[in-house]
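Please examine the model shown below.

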Amino acid sequence: MSSAKTGGRLDLTGLVKRYGTSEPPAVDDIDLTIEPGEFITLLGPSGSGKTTTLNMIVGFTEPTAGRIELNGADITRMPPHRRNFGMVFQNYALFPHLTVAQNIAFPLRERKVPAADSAKLVGDALELVDLGGMGNRRPHELSGGQQQRVALARAVVFSPSVLLLDEPLSALDRKLRQSLQREIKRLHQELGLTFVFVTHDQDEAMTLSDRVAIFNRGKIVAIDTPTALYHRPTTEFVARFLGESNVFAGRRLGPDVYAWHDRKWTVGDGDGETLIVRPEKIAVALDERDVPSGSNTAPAEVTDVSFYGTYHRVELAFEGASDGGGVGGCAVLPVGAPAALAPGARVIAHWRPEDQVLVAE
Ligand code: ADP
Ligand code: MG
């Protein structure tokens with residue numbers, strides 16, 4: 001199984017999929033290069049074209065236009081079995097009448113691998129996903145998490161250069177999901193294959209991926225590392241989709257000044273019109289004198305405080321002051337925040353200008 005020393009490189013160019021002539025394209029002219037051995041996640045709301053993109057890469061769905069290359073060779077019209085990619089689905093898709101070992105051996109039989117080699121590969125694959133000794137069970141005798149491990153083993157047993165995973169953890173509960181996330185991360189490190197992972201879960205995307213491509217309406221609207229997308233989102237959609245944000249729809253008054261209602265703030269990063277501050281970048285003071293100089297400030301009322309063990313989450317209603325309007329937001333504060341921070345408290349929310357970002361609509 002370790003024969004695939006390096007993962008494949010994928011180049012998608014001008015890729016389009018139209019299911020009907022009247023509807024907008026499900027995938028609308030995407031360009032994407034996936035590096036060998038990279039773990040890339042396609043993240044986006046339901047219906048944004050993630051599965052369609054994955055199915056075009058694996059060869060189940062024929063593109064309407066565009067080109068797919070594997071290591072520089074055109075595979076756009078190549079049948080799926082010749083691409084030799086591994087695939088894992090949300091609903092395990094195991095054969096119920098076959099044992100675990102027979103399920104994992106299935107792709108080897110299709111490839112006419114001799115029985116002795118097959119037995120060795122299946123044994124290795126079972127060990128790889130921590131299911132040693134379970135080869136003779138049937139799928140219905142396994143938990144959902146174990147079944148998904150079998151599906152993973154079956155998808156990598158023939159040493160593919162690319163592994164495609166379509167919401168593989170979405171059917172599992174939270175605890176199991178987290179343990180399988182770690183398992184998938186470890187598999188990626190051990191096997192060195194290129195992973196293309198689809199999810200609608202932002203936390204999953206952030207913890208697993210080298211890069212995340214954010215999909216919206218068939219287009220890739222942002223692509224970068226999780227930290228770059230989180231700290232320097234370029235649009236409001238990206239900021240809202242990945243992590244939480246305090247969003248102030250004010251306007252820029254000049255190169256250095258941003259106005260939101262009667263507040264005037266120092267401009268930091270970015271060149272859009274909407275100002276975003278992540279919750280953990282906001283601090284809360286009960287007294288003006290506790291606000292460090294140079295901070296941007298907004299008076300707010302505390303509307304709720306919840307304790308999460310390692311932090312407090314404080315819901316805020318920012319006041320637009322003299323002209324009325326305000327906006328809801330939140331701050332995440334370290335444990336040990338003053339007891340006076342209770343619902344109804346009036347506070348001064350503050351942050352450093354370099355901790356905010358101006359994004360496009
Ligand atoms: P996602 O995986 O991001 O939820 P999909 O790629 O499944 O999105 O779907 C993208 C769009 O294409 C949706 O509007 C969906 O309804 C449509 N679509 C997907 N598969 C088909 C199909 N086989 N026939 C017609 N429309 C489809
Ligand atoms: Mg999907």
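In which hand does α3 pass α5? In this predicted model, the crossing of α3 past α5 is right-handed. The contact draws on Val-100, Asn-103, Ile-104 and Pro-107 from α3, and on Val-150, Ala-153 and Arg-154 from α5. Sorted by class, the residues of this contact comprise five nonpolar, one polar and one charged.

The geometry of the pair can be stated further. Two packed helices are described by the angle between their axes and the distance between the axes. For helix α3, which covers residues 100–110, and helix α5, which covers residues 144–156, the packing angle is about 30° and the axes are 7 Å apart. Angles under 35 degrees count as roughly parallel, and α3 and α5 are therefore roughly parallel to each other.

Helix α5 also packs with helix α6, which spans residues 174–191. Here the angle is about 15°, and the axes lie 11 Å apart. The helices α5 and α6 are therefore likewise described as roughly parallel to each other, and their crossing is right-handed. On the α5 side, the contact involves Gly-145, Gln-148, Arg-149, Leu-152 and Val-156. These residues meet Leu-176, Ser-179, Leu-180, Glu-183, Ile-184, Leu-187 and Leu-191 of α6. By class, the contact of α5 with α6 holds seven nonpolar, three polar and two charged residues.

Ser-170 is placed in the loop between β7, residues 162–166, and α6. Which residues does Ser-170 contact, leaving aside its neighbours within four places in sequence? The contacts of Ser-170 on that basis are Gln-90, Arg-177 and His-200. Between Ser-170 and Arg-67 there are 103 residues of separation in sequence, and the C-alpha to C-alpha distance is 30 Å.

The last step is the arrangement of the whole chain. It is divided into domain 1, residues 10–235, and domain 2, residues 244–359. How far apart do the C-alpha centres of domain 1 and domain 2 lie? The distance between these centres is 40 Å. Six residues from domain 1 and six residues from domain 2 take part in the contact between them.

In an unreviewed entry, UniProt lists residues 10–242 as "domain: ABC transporter". In the model, the span of residues 10–242 is 38% helix and 24% strand, and its end C-alpha atoms are 25 Å apart.

How values were computed
Residues are numbered from 1 along each chain as its sequence is written. Chains are lettered from A and ligands numbered from 1 in the order in which they are written. This is a predicted model: local features need pLDDT of at least 70, side-chain atom pairs count only at pLDDT 80 or more; totals for chains, interfaces and linings use all residues. Side-chain values use heavy atoms; hydrogens and water are left out. Axes are lines fitted to C-alpha atoms, for helices over the stretch in contact, and angles run from 0 to 180 degrees between N-to-C directions. Helices (H or I, at least four residues) and strands (E, at least two) are DSSP runs, numbered from the N terminus. Angles under 35 degrees count as roughly parallel, over 145 as roughly antiparallel, 65 to 115 as roughly perpendicular and the rest as oblique. A crossing is left-handed if the near helix is turned anticlockwise from the far one by less than a right angle, and right-handed if clockwise. Contact means heavy atoms within 4.5 Å. Ala, Val, Leu, Ile, Met, Phe, Trp, Tyr, Cys and Pro count as nonpolar, Asp, Glu, Lys and Arg as charged, and the others, Gly among them, as polar. UniProt positions are given in the numbering used here, feature names are shortened, and annotations may be inferred rather than shown by experiment. Domain bounds come from an automatic or database domain assignment.
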